[in-house]
Every structure is written in C-alpha cells, then in structure tokens.
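Please keep the sequence and the three-dimensional view open while you read.

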Amino acid sequence: MIDQLTCWRDGGNSFTEVSTDSRDVGALNPHIKLDDPETTAALPKSMVKKIKSRVKYVKEGVSRVEEASGLTYPPYYVEPTLLVATSGVEVEQVGALYARVIPVVEPAAGVQIVVQLSAPLVAFGLKGTIEAVLAHEFMHYVELVRKFTSFDLLSDEAAGTLHESLYADYERLYNPKWLYSDKGLVKLIEKKFGDGLVDDKLNQSTVKKWIEKGYPVFKIPPDANVVRIPVASILRTNFDPLLKGRLKELEKISSASANVK
Ligand SMILES: [Zn+2]
C-alpha cells in the first residue's frame, strides 16, 4: 500500500489542533497527545505503552541534534496517528508521513514552529531512523526560520499573507555538513534520505502493525497542504537569536560554495 515515503511539512489542516487551544507550545510535552481519551480509545494499551517507552529514543535524538548543531530543537510531540499523503493522481499511491514541521499561528506569540512525529515512526523506527528523521526535520525548521526572517520575503509580501505549502523536499535545505558537527549524524541523514525517507522495514512494519490493525490513519488531501500565515504574525515572532546568527554564517557558506561551482 505504501510505495513512497516522503517527509512532509505543512500546517493548516486538522492536525494543527495544538494551535486552537491555549497550550503553550513552547513547553510542549512529547507525550501530550498520548494521554488523550481519543488515543486511549483508538489504540490498545500495549501500543500506547510501546510508543511511550520509545519516546526516549526521540529525546536522545533531539539531544544529539542539539549537540551537533549547537542550537535548540523546536517543540515536538508524537501524533498518535499515521499521516498519509494522497498524491491526487493515483488513488493507490500514498506516502506515509512520519514527521513534519508545522508553523502554528499563535495570536499573541506570533508563529510557533512545531515538529510533529507520526506514532508509527516512534513505535517501529530504528533508533538511527528516528535520529535521522529528527535531524532532517530540524533542517526544515532552520529553512523555515530562514524564510520567515528573510527581509526580501517580508518586503515583497509585507501587506499580505505568506502561503507556505506542499512537499518541503522540493525546497532547498542547507547541506547537513554545514549544520552538524557530528559526522556520524551527517552520514546517517545521507544514508536514510533520498528524495524522502527510505526505510522499507519501517514501511513494512507500519503496514502490518498499524494499518492492517485498523489503527488511526489520517489521509491528507493534496489541497489541504497549504497554510496561510499572516506576515504580521511573522514580524511579531521572536525567532531563536542564536539560530538567526547561525543563519548568517550558513548563508555565507552557501554562497561561497555556489561561487566555487
Ligand atoms: Zn524533508
């Protein structure tokens, strides 16, 4: 059923409920959704327990990314659902979305960027896969902050709304070597990611142990993948100053390497 694994980033659909209540996403607990009554109703206790026990790999992965980048990981949490993208072209062609980065518009605080992890990744993914995915999502986070803090973009659209959309992997990401000092982590990212995450084992486990068990699957229609972010909200946001400083360095490295080619 799953023939393509894709990393996904967007917002503005029904999975961004974190934004609709007053939860402080800055203090988001990775377990936040695992104790919800809907989760308890939809998943057997053993599965919830398994996911919870494996959140430690997520935490370890986040620490590894933070150490390797010298930066702070954005808030993250486990979504107790398998997110699936339908291509819109072929009904049978779906991609499991194991993680994505979501910009959440908070009326008071501006834009909060949150990493959402699909439960099957946490339940069935190898430690290395989880770490690679976390590191990859962090690169999307960095790119998103770059975009949101880029003066050109804001001056172009100063009066309007930014349309954040679609498959993130079409957009540029910095070379992981520039962002991470941990060579093992860089290798892991290169090994696990082609066009998207490549992990047949995880894929098979997800089909057998999640989809075929009838656990929650949410199909995201292609046209539900655009989020509209008021530029005023972006301007109101205090993005990590350390990251903003690093972005300047990354831009220098990026243009230097472009000149070499
Ligand atoms: Zn990606």
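Helix α2 passes helix α4 in a right-handed crossing, where a crossing is called right-handed if the near helix is turned clockwise from the far one by less than a right angle, and left-handed if anticlockwise. Before we go further, note that this is a predicted model, in which local features need pLDDT of at least 70 and side-chain atom pairs count only at pLDDT 80 or more, while totals for chains, interfaces and linings use all residues. Residues are numbered from 1 along each chain as its sequence is written.

Two packed helices are described by the angle between their axes and the distance between the axes. For α2 (residues 45-69) and α4 (residues 127-149), the axes come within 9 Å and cross at roughly 50°; axes here are lines fitted to C-alpha atoms, for helices over the stretch in contact, and angles run from 0 to 180 degrees between N-to-C directions. That makes α2 oblique to α4, because angles under 35 degrees count as roughly parallel, over 145 as roughly antiparallel, 65 to 115 as roughly perpendicular and the rest as oblique. On the α2 side the meeting residues are Tyr-57, Val-58, Gly-61, Val-62, Arg-64, Val-65 and Ser-69, and on the α4 side they are Lys-127, Ile-130, Glu-131, Leu-134, Ala-135 and Phe-138, two residues being in contact if their C-beta atoms, placed from the backbone, lie within 7 Å. Sorted by class, this contact of α2 with α4 has eight nonpolar, two polar and three charged residues, where Ala, Val, Leu, Ile, Met, Phe, Trp, Tyr, Cys and Pro count as nonpolar, Asp, Glu, Lys and Arg as charged, and the others, Gly among them, as polar.

Helix α4 also packs with helix α7 (residues 183-192), at an angle of about 95° and with the axes 9 Å apart. That makes α4 roughly perpendicular to α7. In this pair, Gly-128, Thr-129, Glu-131, Ala-132, Ala-135 and His-136 of α4 meet Leu-185, Leu-188, Ile-189 and Lys-192 of α7, and the contact has five nonpolar, three polar and two charged residues.

How many helices and strands does the chain have? The secondary structure comes to 10 helices and nine strands, where helices (H or I, at least four residues) and strands (E, at least two) are DSSP runs, numbered from the N terminus. Of the 261 residues of the chain, 39% count as buried, a residue being buried if 20 or more other C-beta atoms lie within 10 Å of its own, exposed if 12 or fewer, and partly exposed in between, with C-beta atoms placed from the backbone. Among contacts between residues at least 6 apart in sequence, 83% join residues at least 24 apart.

We can now turn to the strands. Three of them form an open sheet in the order β2-β6-β5, with mixed pairing, and two strands pair if DSSP finds at least two bridges between them. The edge strands are β2 and β5, each of which pairs on one side only, and the twist averages 35° from one strand to the next. Strand β6 (residues 110-118) is mostly covered, since eight of its nine residues are buried. Strand β2 (residues 76-79) runs parallel to β6 and is joined to it by four bridges, with Glu-79 opposite Ser-118. Strand β5 (residues 99-106) runs antiparallel to β6, with eight bridges between them, and a hairpin joins the two through three residues. Within this pair, Ala-99 has Leu-117 as its bridge partner, and Ile-102 has Val-114. Helix α4 packs on the sheet, touching β5 and β6, and its direction makes about 35° with that of β5.

Finally, consider two loop residues: is each one buried or exposed? Thr-72, in the loop between α2 and β2, counts as exposed because it has 12 C-beta neighbours inside 10 Å. Its C-alpha atom is separated by 8.3 Å from that of Leu-243, although the two residues are 171 residues apart along the chain. Tyr-180, in the loop between α6 (176-179) and α7, is buried, with 24 other C-beta atoms within 10 Å. Leaving aside residues up to four places away in sequence, Tyr-180 touches Ala-68, Ser-69, Ala-135, Leu-185 and Val-186.
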